[in-house]
Structure formats: structure tokens, C-alpha cells
Amino acid sequence: MDANELLAWARGPGFDIALTIFVAGMLLRLLEVLALGNKPDLSPPRGSGPKGAVQTLLSRNLPRKAVFDREPLRIINGYVLHIGFFIVLFLYGPHIVLFESFLGFGWPALPSGMIDAVGAITILSLIAALVFRLNNKVIRFISTKDDYVAWTVTLLPLLTGYMAYNHLVASYTMMLALHLLSVELLLVVAPFTKLTHMFSFAMARWYQGYQAGRRGVES
Amino acid sequence: MSAPSVEKGIQAIKGQIDAPVASFFSACVHCGLCAEACLFYTETGDPKYTPINKVEPMRRIWEREYTLFGKAKAALGLSKKVDADTFAEWETLVYDGCTMCGRCSLVCPVGNDISDMIRKIREGFAAAGYAPEGLIGASTRAVEIGSPMGVKLPAVQAQIKHLQKNTGLDVPIDAKGAEYLVLLSSMEIMNFPEYLEAIARIMHQAGKTWTIASKAFEATNSGIQIGVSDIAKLLVSRVVDAADELGVKTVISPECGHAFTAIRWDGANLIGRPYGFEVKHILEVLDEFVKQGLIKTAGMEDAKLTYHDPCQIARKGGVVEQPRDLLNRIASNFVEMEDAGEMNWCCGGGGGVSANERADELKLTAFNRKKAQLQALGVDTLVTACANCRLTLEEGLEENNMDIPIVGLTEMLAEHLVEDDKEKA
Amino acid sequence: MDDLTLGERLRQRGVSRRGFMKFCAATASMMALPPIMIPKVAAALEQARRPSVIWLSFQECTGCTESLTRSHAPTIEGLIFDHISLDYHHTLQAAAGDAAEHARDEAMKKNWGEYLLVVDGSIPLGENGNFSAIAGVSNLEMLKEVAEGAAAIVSVGTCAAFGGLPMADPNPTGAVSVSDIIKDKPIVNVPGCPPIPTVITGVLAHFLTFGRLPELDHLNRPKVFFGQNIHDRCYRRPFYERGQFAETFDDEGARKGWCLFKLGCKGPTTYNACATAKWNEGTSFPIEAGHGCIGCSEPNFWDAGGFYRALSLPHANVGETILTAGAAGIAIGAAAAVLNRKRKSDAVDNRETITIKDLSKES
């Protein structure tokens, strides 16, 4: 298959299959979780569950000082990684076109040069995350194959996107095809790895926050 | 009934997994920050104490029982099983190396409540026969005798006699229609009898009616610690039944950590119906009395002192400001340790660890965290509001040749109580 | 047919030496040859004898011929074109019918192994090749026959090079490209719908100068003309970089000449010389005129999801895909949920109450 054929497949059946598996897969995981139910709490509440849930949804976005002081670099790197990824994904013109096509609305884009720089920083941050994972004894101990698979499928779209934009290694058409294919790989793999956290983090924060709000405790 | 078995253990864990637990396992990204919050990891440096690792057997069961993908993996032989070896290997992580202090739950970036998962996974370990001997013993004594330390009513009555002699005050037993039902922990009855005396004087000064129950004086709930809901229910029912029978308005949980959790948050869910009475921690009651002007204090401690937040009362119970408001009235040199408040470090002995002799060495190693906090401050006195914390801290201080006396907050407050018949300096 | 060299012919037509050298310099520059090559180009073209060229038009629209021969004034490209011995060309030849076919046969016999075969239009394979026939001979047969004695083949236009419009889904005539049929001759593809005139003459000039075809890419297109994408040479690129896009054909962005990415421009994945050489002797090219590049020099550009569908969009309607997948996910999820509930309630219902006697392992 040459670059044009690969690109046509990636924009055609490839995308359909990948998006279908992603959406269906994530919904499946979500329903599998919800099905297990949550027994209502009969103890008298001290505060508001929903308020606590919302507060926790927001509060966990920042680290606690006690933990931050112990692992500042690793924690900061986590932020760089995520924020960089979101900037590249959501603020690059051609990407916004995609979101607009099914959301019905778009938003302003950042200049490509900035996206390119942020992309490079994010790739470096991902590499740093891998280095941390391999060298920190706690994370190395609890890591499984899943962590490395998730890392790889997250890196590839960033890397191929950067390479396409900068005309590295292969023709633009080929790199764009590889970029789309790597995104499709990410979509297909995501529901079966820890990448489900992109949705389940909200559920976890909500559940713990709700109980904390009810009990009037910090969360 | 029937003998414990791995199968029973797995079934028990299966029954404990609910939507929150499933969402936690789905959200965990193996960031390892929970370890940085857990004193068992920070003081031993052993990554096996990473909180999310402690509940790995539950994760395996969740994945293979409750996810399609997990079922497929299991069918292909690609996932790890949970068997006798798993239970054996994880027993010390689930019991010895965890006090359910909840610090990990607070720091998890995705919002996982790992300490709650520990509580749930213990159901499986106990059902499989992998609960520590110490806790089995405590639970047995609690069920059969009425107290995990084997304290019977006569011992309580003896304490009461002492109290009557000292203060001239009466301790009502089974007084119907009293406003408050006061619970005690075995630890207090055995080691810190000043508590009951303090209660008696404070209640008298505040002009409140109160009582203890002869059939349910014990607050400590060993069922929570060992992780067997049936036993927890049995124990908490004694208190509920007594409170209902005596028609009290409020049940007061004493200076004990998990006792508060058991009666305040778990009880209604264990018995399957809401209470007909309120539950408050003694610190909440004291704070109320002070703020309502029912009791007054006089004089200040001038020793440099600090306050240790018992996990179940502060972080898990929400009683953080009240002890500080009370202390500030009676202490002129109250300094806070680093991480004070909701993020304070566990004493290392809660959640059943202190009843588990096998965990003694680990517990003392974990104490190094509290030691560091105290040494950084250089205090003369340590105040706390949990008898189990108190004992654990005393043991740790002794082991480390640190001469810092520990006082219960209620007891200290009572020392500064302004009583109508006699003035206290 | 006379035996004038190209140089003699041009002088006959009144082209001065200076004019000729200017053309050679322009041609050399177009082919990205260094200035030192200009005398070589001039010398070669000066001496070039008339190669025989047979031009076969198959399933085509004649747009390629129109493009190549469209000139408002006699251009030197046109004169070069005149210089080749165009022994067979449907549109341009005077002869018709048997006489035309006879002329072709003769040219082939006389120049066997040396003539240049130029093809425009795709070759239909359906119905035994009978969707397109000339003088009773299917395009397929004629191509094979003529290709056998050709020195090289030039596939002009995307139809001949890659199949073009006729090959677009569902390809009712079974159209294929020249390369799909001829495997044993050097083929140069000069795609475009149509190709730029100067591109085709540049290829011919290269052939005349060096006696061989220019360096080709993986799709057999001359790298010198098809080596860069439109995007990299597009004058509107700064707007792409700044994230300023026209949303419709007559909005403010369109009027300000902003990037046409959102209106489906395929510039980034299209390799051609449009942004530099442009059309109509450097007048303009589609993007400059306000319409996005449709990618006409690339294979299967008709089936690339739509001219007005941005490159970062898949062919399908994303919203619909999400909804369908959502329905599937809810269905599977509901089934899994029911299974989970049953498993959990079984575990909860079948649980035996634990007493203190059930805590110790029998050992």
C-alpha cells in the first residue's frame, strides 16, 4: 500500500472502525461499572453529597502539599504531559475542524508554531514519564504491561504528528497516514487499558467526593 | 456455619465490589502517589506497601468477574488468579501494613478511595480464614464477652466506684430517658480511667442527663477492624438496641477512632435502617457545650504542646476544628505539627494494627513518621483524642526514649473546668 | 516530415538566439538544473532531431490536450511541440479514419523501438475492453500493440497515470491506468487534471536534452515537478500557521485570502508545481483563485472523501458514527450490566453469615 492508499484507508474504514470501537468500548466499560450499583447511605449526613462530589471533581486537579513535596518533579511532569497533550489535541486548527464536525461548534486555534513547540515538549515529557516509571521503585513495582502499552499508543500520535508537521523521515502524505493510523490505534486500544481513566477519573472523584460531602470531611 | 475457604473469600470480595470500587480500578493510572502518602511505605521504603497494591487481589477479582475484557483475558489464561497463595501473600499488607487511615484516599489524583477498598477486601480475607490471630481473638472476645480486651461490667463498675469516691459524682447506668448515652472503649476503661471521670464532671457542670448502658458500654467495634460485617453488625446492634431501649437523644462516641466510624457512619448501613438518635463524637459535644456557654474553662497550660489528629476523627470524621478551638482555650503554647489537620500522619496503630501482635515491629517502624513530626517541633506534651492512638504513641515514644507525656483532650479540658462547687486553678 | 533540427526550426520561425537562450534558461530553472547546465540544454535542444511521437487518447475528456495546446500567442512550448513529429493525435491530426490508422502503423514500423508513446485517458477493461474502442480496436489492445515498439511511455493526465475520473467509485467501465497494463517499458507519469503545460514540455525537453526520462518518485512522477506538496509552496501558508481559515467561500476570511484548509484544500497531500509554476503562464492557480486544491495529481483523488471535506476529517459523518457506535455500546453495555448485576446479586445472596467460629483456618 502506498501513502495515498494508506491515507484513504485511514480516513475511511480505519476511522470508522476505530471510532466505533472507542465509543462502544468506553460505553461498555462505563455501564459495566455503573451496573454494580451503589447502596444508599442510611447514616445521617453532615453536609451535601453533590456539593462534595463537585468539589472533589475540582480539588483533585491540584496536588496536596505533603505529596508534592515528596515528588515535585514527577508531579509537575504529569501536568506538563496532560496539559501539553490537551493543547495539541484541542487547540490545533485541523484538529478543531474534526471536533467541530460532530459538536456543531468550534473555537479559535493557536498558531501552528506554538502547537509544534508544545508537541515537542509533550513528547519529551512523555519520555521523562517513562524514565520515572522505570526508575522509581514504587511505580516500577506496580507497573504492568498495560502501562507500557498505554504509553506507546499515547506517544505515537504525538510523535507522528510532530514528524508530519516537520516533514521528518517520510513524505507528508505518509506521515499523515501514519498519524491517523496511530490515532486509530489509540482509539481502539484505549477502552481496554488504563486510558479509561479519561472518563472514569470523573466517576471515581464523584463517588469519593459524594461520600466525603455527606460526611462533611475534606476531599 | 462453615469453615473458611478461598472460595468463600473470593465470593465475599465479589459481593463487596460496587460501582465506586469498579470506578476506582478503572481510573487508577499507577502513578504511585498513594505510596508517598502512606506511612508504611515512607518509613519502610518497601514498595509492596503501596496502597493500591494492597488491594490487588480485589482488582484481579473485579477484572475477571465484572469486565467482559477481563473475562476474555481469563479465558485465554492471560490474567493472574486469586488463590490461597494470594491470600497468604497479601494478608500482612491488608492487615499489618494498613490502618485504613485514609491518607492515600485524599491524595489520589483520580479520586480513588483506597482505604475504603481495604475495608472491603478484609471481608474476603476474613472469610477465607486469613485474618490475623490477634484480630480473631479480639473479635471473639468482643462477641462473647462484650469487649475486645475482655473487659466485663464488673471492671467498669469498679472504675465507677473509684470515680464516685474521687468526685462525689454518680455515673448513671441504664438511666431511661437520659439525653446522652456515653460509650467507652476498653482501652479507656483499662488504661485511661481519667476519661470517664472527666465526662462525669463535665456532664454535671453542663447540667445534662446522661447514662452508660450495662449491655452496651463498649464502643470499639472489632468487626470493622477485622472486616466482617456480620460481626460489626452484631456489635453495633448492641449499642443501637440499648440506645433505643433507653430512649436517648444522642449517643456519644468516646476518644476512640474506629469506634466513631463504626457508630456514626457504618452502623445504620449495617443494621439496614436509620437510627432514631443522633451520634456525636465527644469532641463535638464538648465544643458545643463550650460554645453554648454550658461549661467554662479557666487557666492555661503553658507547656509547649501539640495535637495529634486521630485519622478516623479528623480526616475521616470531619472533627478538625473543634479540638483546636477547645485547645486554644486552655493552652497558651499550642503549636501545630507539619501536615496538621486533615493530612496528619497516622499513629500507625489504628484499624486493628494494635490488636495484631504480629504487626508490632512494623508498627514501631511506622512510628518513625510521627517521631519525625514531634522532633521537628520539640514539644513537652502531646494531646490527642483517641485512646488507641494514645497507647500506640506511648509505645512508640518509649521505644525511642522520648519523654513526652500524652494527655487526652477531654481529660485536659476537665482539668481546666470551672465547676460551681469548687474552683480549679 | 523534414529533417530540420529544433534550432533550425526555431530560427526559421523567427525566434532569436537570445529568445532561445532565455527559454533554455527558464527550462533549466524549471527542472532545477544549475545554471552551468544551461549551455548543455541549449546545445542539446539546438541539435535535437524530431523524435516520432504517437499520442493515444483513450477514455479521456481531451482536457490534457486542451491544456497543452492552449496558448494565446505562439509560445516556445508550442514550438517545441511542433518540433516533435506528432505522427498520431486524434484531436490535432488532419487525417481521419483508415488514413489516420494507416499513418500510425507506418510511423510505428519506421521508428520501431525509438518512438515516444504518449497516452492520455484511462483504459477500460470492462466488457472485454469494449467500453472504448478506436477503429474497432479496444483501447487495451491498441495500448499493448503500440507500447511494444515504444522507447518510453508518457502517461499524461491523472487518467492515464492513475485511472482518474473514470476509475472513481463504482468504476463502471473497469478503468485502469497505463502502468496497470504495461509492465516492461519505462513509464513517466505526468498527472494533473489537467497537468500544467510547462510540466509536460519540461519532461519532453529533459528527454530531448539527456536522452532519458528525468528522476522519478515512487509514483513515477518527475521529482522536479512533483517533488513538493502544494502546502509547502502555497502563498497562503502563513494563514494556516496562524490558524486563520476561511469558513465559507464568501465570508470575511475568504475575502481576506485566508487558508482554505477548512473548505477541503488538499494542498498538504498533493504533489505538483501549481503553487510555483502556476497556470496560464504564471497567472494563477486554484487556491489563489479562492478554491481549495482538489489534489488532482494524486491517485484516487475523486474518492478521497470529498473536495470540500477537510483533510483532518474522515470520509464518514463523524456524528453519525458516534451515534451508531453509541447505540452498539449501550446495547453491549446493557447486556454486560445485566450479567454483572446477576453475578453480584448471586455473590451477595449466596453469602453465608460469618460468625467468630468461621474465622480460623483448620490447620
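The legends below accompany close-up views of a predicted model.

**View 1. Chain A is built from helices, with ten helices and zero strands in its secondary structure.** From the N terminus on, the order of elements in chain A reads α-α-α-α-α-α-α-α-α-α. Taken along the principal axes, the box filled by the C-alpha atoms of chain A is roughly 65 × 35 × 35 Å. Chain A has 219 residues, of which 48% are buried. Among the contacts in chain A with a separation of 6 or more, 78% are made by residues 24 or more positions apart.

**View 2. Chain A meets chain C through a contact that takes 37 residues from chain A and 41 residues from chain C.** On the side of chain A that touches chain C, the elements giving two or more residues are helix H1 (3-34), helix H5 (93-103), helix H6 (112-135) and helix H9 (172-189) of chain A. H1(A) gives the most to this side, with 18 residues. By class, the residues of the side of chain A that touches chain C comprise 24 nonpolar, nine polar and four charged.

**View 3. Chain C is divided into two parts, domain 1 (6-226) and domain 2 (228-339).** The C-alpha centres of domain 1 of chain C and domain 2 of chain C are 32 Å apart, and the contact between these domains takes 15 residues from domain 1 and eleven residues from domain 2. On the side of domain 1 of chain C that touches domain 2 of chain C, at least two residues are supplied by each of H8, H10 and helix H11 (223-226) of chain C. That side of domain 1 of chain C has ten nonpolar, four polar and one charged residues.

**View 4. A cis peptide bond joins Asp169(C) to Pro170(C).** The omega angle of this bond is about 10°, and Pro170(C) is placed in the loop of chain C that lies between helix H8 (157-162) and strand S8 (175-176). Most peptide bonds are trans.

**View 5. The peptide bond from Cys193(C) to Pro194(C) is likewise cis.** Here omega is near 0°, and the loop that holds Pro194(C) runs between strand S9 (187-190) and helix H10 (197-210) of chain C. Helix H10 of chain C also supplies at least two residues of the side of domain 1 of chain C that touches domain 2 of chain C.

**View 6. Thr62(C), a residue other than glycine, has a positive phi near 75°.** Most residues other than glycine have a negative phi. Thr62(C) is found in the loop of chain C between strand S1 (52-57) and helix H4 (63-69). Because 15 other C-beta atoms lie within 10 Å, Thr62(C) is classed as partly exposed, the range for this class falling between the limit of 12 or fewer for exposed residues and that of 20 or more for buried residues.

**View 7. Glu127(C) has a positive phi of about 50°, although it is not a glycine.** The residue Glu127(C) lies in the loop between strand S4 (123-124) and strand S5 (133-134) of chain C. Glu127(C) counts as exposed because it has 11 C-beta neighbours inside 10 Å, where exposed residues are those with 12 or fewer.

Note on methods. Residues are numbered from 1 along each chain as its sequence is written. Chains are lettered from A and ligands numbered from 1 in the order in which they are written. This is a predicted model: local features need pLDDT of at least 70, side-chain atom pairs count only at pLDDT 80 or more; totals for chains, interfaces and linings use all residues. Helices (H or I, at least four residues) and strands (E, at least two) are DSSP runs, numbered from the N terminus. Two residues are in contact if their C-beta atoms, placed from the backbone, lie within 7 Å. Ala, Val, Leu, Ile, Met, Phe, Trp, Tyr, Cys and Pro count as nonpolar, Asp, Glu, Lys and Arg as charged, and the others, Gly among them, as polar. Domain bounds come from an automatic or database domain assignment.
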